Amino acid sequence: MKNTKLIVGLTGGIGSGKSEACRLFAARGIVIVDADNIARDVVLPGSTALHDISLHFGEEILTTSGELDRRKLRDIIFSNPHEKKWLENLLHPIINLEIRNQLANAESPYVILASPLLLETRQFELTNRILVIDASEQLQIERASTRDRNDTAQIKAIMNTQLSRQERCAKADDIIQNHGNLDELDEQIEKLHQRYLEMSPR
């Protein structure tokens, strides 16, 4: 896979602006393989993974319509490392297989694998370059609380499960500083887009 196309792994902490960066790359015709979307799809009603999760955690982990109660599951795994590990062991191989399939079938000069846990899992091994979207912790908290209506304590708990800004940036090949407005973000994306086009074997 690595020899036939350039794969850029895009990551960043909660509220850093990953989704907006992906939208700007997509607007330039670049295929985005979104690990979060895949993670949602593999636990849709009727899936083997959702069946296994409901067997393990009990029927109360499902909503009245039979979907996964994400908030309830998040509360369980953030307070119980053993259960978090069990869930990761179930889902990561399934998610990884679907990511590989989508990367292999992506038709654009290069492809972006967007994942909040790119560096915390082994997903970075699927990529040629790592792009980190960086923002101050204060900005992350402000953006995430506005977007998700989570309180500061919940956001900080999520941040604590992710690499620190320093660790993440140390592993990056490219860094976008997303501390300004959308025009500034778009300008940085355009520069990287041109660089990636030049680097692409296609």
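**Arg40 within the chain**

Guide: The chain of this predicted model comprises nine helices and five strands. In sequence order these elements run β-α-β-α-α-α-α-β-β-α-α-α-β-α. The radius of gyration is 17 Å, close to the 17 Å given by the globule rule for 202 residues, so the chain is as compact as a globular protein of that length. The C-alpha trace extends over about 50 × 40 × 30 Å along its principal axes.

Arg40 belongs to helix α2, which covers residues 35-41. Is this residue buried or exposed, or does it fall in between? With a relative accessible area of 39%, Arg40 is partly exposed, because that class lies between the limit of under 20% for buried and over 50% for exposed residues.

Of the 202 residues, 43% are buried. The accessible surface amounts to about 10,800 Å², and carbon and sulfur atoms account for 49% of that area. Where contacts link residues at least 6 apart in sequence, 75% of them join residues at least 24 apart. Regarding charge, the chain carries 25 positive and 30 negative side chains, and the centres of these two sets are 3 Å apart.

Definitions and conventions. Residues are numbered from 1 along each chain as its sequence is written. This is a predicted model: local features need pLDDT of at least 70, side-chain atom pairs count only at pLDDT 80 or more; totals for chains, interfaces and linings use all residues. Side-chain values use heavy atoms; hydrogens and water are left out. Helices (H or I, at least four residues) and strands (E, at least two) are DSSP runs, numbered from the N terminus. The radius of gyration is taken over C-alpha atoms; the globule rule is 2.2 Å times the number of residues to the power 0.38. Buried means under 20% relative accessible area, exposed over 50%, partly exposed in between (1.4 Å probe, protein chains only). Contact means heavy atoms within 4.5 Å. Accessible areas come from the Shrake-Rupley method with a 1.4 Å probe; for residues, only the protein chains shown count as cover. Lys and Arg count as positive and Asp and Glu as negative; His and the chain ends are not counted. The place of a charge is taken as NZ of Lys, CZ of Arg, CG of Asp or CD of Glu.
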